[in-house]
Amino acid sequence: MEAVKHEEISHPAMDQLQGLEYCIDSNPSWGEAVAMGFQHYILSLGTAVMIPTFLVPLMGGNDGDKARVVQTLLFVQGINTLLQTLFGTRLPTVIGASYAYMVPIISIINDSSFSTLDDSQKFNSTMRAVQGALIVASSVQIILGYSQLWAICSRFFSPMGMVPVISLVGFGLLDRGFPVVGRCVEIGVPMLILFVVFSQIKTLPMLERFALLFSIAVIWAYAHLLTASGAYKHRPEITQMNCRTDRANLISTAPWIKIPYPLQWGAPSFDAGHAFGMMAAVLVSLVESTGAFKAAARLASATPPPAHVLSRGIGWQGIGILLSGLFGTLSGSAVSIENVGLLGSTRVGSRRVIQISAGFMIFFSMLGKFGALFASIPFTIFAAVYCVFFGLVGSIGLSFMQFTNMNSMRNLFITGVAMFLGLSIPNYFREYSTAARHGPSHTKAGWFNDFLNTIFSSSPAVALIVAVLLDNTLDYKDSAKDRGMPWWVKFRTFKGDTRNEEFYTLPFNLNRFFPPS
């Protein structure tokens, strides 16, 4: 039998993914671009509705307050997305709310100083306290970004160190996937199956590209039919919340027209302890967004963002967190992981599509009733597609292994330990918090507790700490080639690769005033 040739069993490493139909600076027709922008807008509603739905009742707010927070969040989300795609990294990323901010925000809600207030007073006081903490904490990313300190830190990153980080940006959100689908399997499972089937039908490009819109339309109508027929009339409350299409109470409480504006909840209040706790969430969102930016660059068929471009994007994300604090969105800003996954599913990484989606966010946030109609989609439907999108983003992280030597025991050790601890430690923190009603760090210093509990509840943050530490200490001088540094080094600087200018140059000839450092 003839021996198998080496080239028949191996695949050459490639800077850019193959099979993408539109890259970062190529655009589909205007009709397709608008439809795909609307698809990204619909997907962004999941997190934008879920976070206020969980937090507002804890603050003593009513359905009207929840509707206003959702509107404000979408409005600021649209502004931040436009700023990031125009002046930040310029990658096709939606900048939305993040679960990274949940721990410090819940800590503020549970502050004893608000316990004696009635519901209306508590909501406004808590909202202003969250605003103050976000405004102060935003300075962390603004300073790290615009001072280029994050660019200096990124010099310690290598393909080896980034594999666990980028992978766990997606895989680390596993509790947002099927555990939520399981709360309403009669809707979630059909949605998951239908989306997978639609998105993989290569013979019908239109169905493949708009699989999300088609599958949501079918399952939403099916869910409404089940609701109208009384299928959930005698079911437990938790089932009704996750299955019914009339439980969001957003349409009835949302105003017809309302334009969010800064300080609409009143003057922010400032507390040092709240601000320190929020800084941990800002650091976590920085790590998560760094991984998401690198994944988005790969799915947009762009080169990895040079250090100064990455730092510039973090600076603009810090401005986004500042705007979140000024407007009162009840969450800070970070890259929307599910929207990064949608880039890969549609194979369209066009920047214009994301900018159009930002326009939809701003438009529908001002037309309250229309936006509330789409925002009333049961969250189980979103959780079903998260199973695909988060997995896709995680696999992008694994694709960075092609630039490293995975026959090296050193690399296998770093990858395995970082990924396992990145999943195991946050899982311990979450389970402990659920059982004990507080995190493992439970000292008298509340800000210290929030800081540690927030950092170690994030899979990408734990993976970054472990992977980058090990990668830069274990035989790092003698293993540069195994770490993938010969491939990586040319992307560190703006002029290291001729394609960088095409992908990352600022618009309106602004590079004259802000030259690459």
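This is a predicted model: local features need pLDDT of at least 70, side-chain atom pairs count only at pLDDT 80 or more; totals for chains, interfaces and linings use all residues.
## Overall form

The protein has 25 helices and two strands. Its C-alpha trace spans about 70 × 55 × 50 Å along the principal axes. For 517 residues, a compact globule would have a radius of gyration near 24 Å, and the value for the protein, 22 Å, agrees with this.

Of the 517 residues, 57% count as buried. The protein exposes about 20,900 Å², and carbon and sulfur atoms supply 66% of that area. Among contacts with a separation of 6 or more, residues 24 or more positions apart account for 84%.

## Cavities

Rolling a probe the size of a water molecule over the atoms shows where empty space is left. In this model the count comes to three cavities of 30 Å³ or more. The largest cavity has a volume of about 90 Å³. Its lining consists of Ser154, Arg155, Phe157, Lys294, Pro304, Pro305, Pro306, Ala307, Leu310, Trp488, Phe491 and Arg492. By class, the lining of the largest cavity divides into eight nonpolar residues, one polar and three charged.

The second largest cavity holds about 70 Å³ of space. The residues that line the second largest cavity are Ala67, Val70, Gln71, Leu74, Leu250, Ala254, Phe364, Ser365, Gly368, Gly371, Ala372 and Ala375. Two or more of these lining residues come from each of the helices α3 (63-87), α17 (351-366) and α18 (368-375). The lining of the second largest cavity divides into eight nonpolar residues, four polar and no charged.

Helix α4 covers residues 102-109, and its buried residues include Met102, Pro104, Ile105, Ile108 and Ile109. An α-helix has 3.6 residues a turn, so residues three or four places apart point the same way. The cover over the buried residues of α4 includes α2, α5 (119-146), α14 and α21 (446-455).

Serine 98 lies in the loop between β1 (95-97) and α4. Serine 98 counts as buried because its relative accessibility is 7%, under the 20% cut-off. Beyond residues up to four places away in sequence, serine 98 touches Ile51, Glu288, Ser331, Gly332 and Ala334. The C-alpha atoms of serine 98 and valine 335 are separated by 7.9 Å, although the two residues are 237 residues apart along the chain.

Glutamate 32 lies in helix α2 (residues 30-58). With a relative accessible area of 18%, glutamate 32 is buried, since the limit for that class is under 20%. Not counting residues up to four places away in sequence, glutamate 32 touches Tyr22, Arg209 and Phe210.

Threonine 72 is found in helix α3. At 1% relative accessibility, threonine 72 counts as buried. With neighbours within four places in sequence left aside, threonine 72 is in contact with Pro260, Gln264, Trp265, Phe327, Gly328 and Thr329. Glycine 291 is found in helix α14 (residues 272-299), and glycine 291 is buried with a relative accessible area of 0%. Leaving aside neighbours within four places in sequence, glycine 291 is in contact with Ile166 and Val169. Glycine 291 and valine 163 are 128 residues apart in sequence, and their C-alpha atoms are 9.2 Å apart in space.

Valine 218 is found in helix α11 (residues 211-228). Its relative accessibility is 44%, so valine 218 counts as partly exposed; that class lies between the limits of 20% and 50%. Valine 218 and serine 120 are 98 residues apart along the chain, and their C-alpha atoms are separated by 39 Å.

Notes: Residues are numbered from 1 along each chain as its sequence is written. Side-chain values use heavy atoms; hydrogens and water are left out. On a 1 Å grid over the protein atoms alone, a cavity is a set of points where a 1.4 Å probe fits but cannot get out, and a pocket is an open set with protein on both sides within 12 Å along at least five of seven lines; lining residues have an atom within 4 Å of a point. Grid points are joined across faces, edges and corners, and a volume is the space filled by probe spheres set on the points. Ala, Val, Leu, Ile, Met, Phe, Trp, Tyr, Cys and Pro count as nonpolar, Asp, Glu, Lys and Arg as charged, and the others, Gly among them, as polar. Helices (H or I, at least four residues) and strands (E, at least two) are DSSP runs, numbered from the N terminus. Buried means under 20% relative accessible area, exposed over 50%, partly exposed in between (1.4 Å probe, protein chains only). Contact means heavy atoms within 4.5 Å. The radius of gyration is taken over C-alpha atoms; the globule rule is 2.2 Å times the number of residues to the power 0.38. Accessible areas come from the Shrake-Rupley method with a 1.4 Å probe; for residues, only the protein chains shown count as cover.
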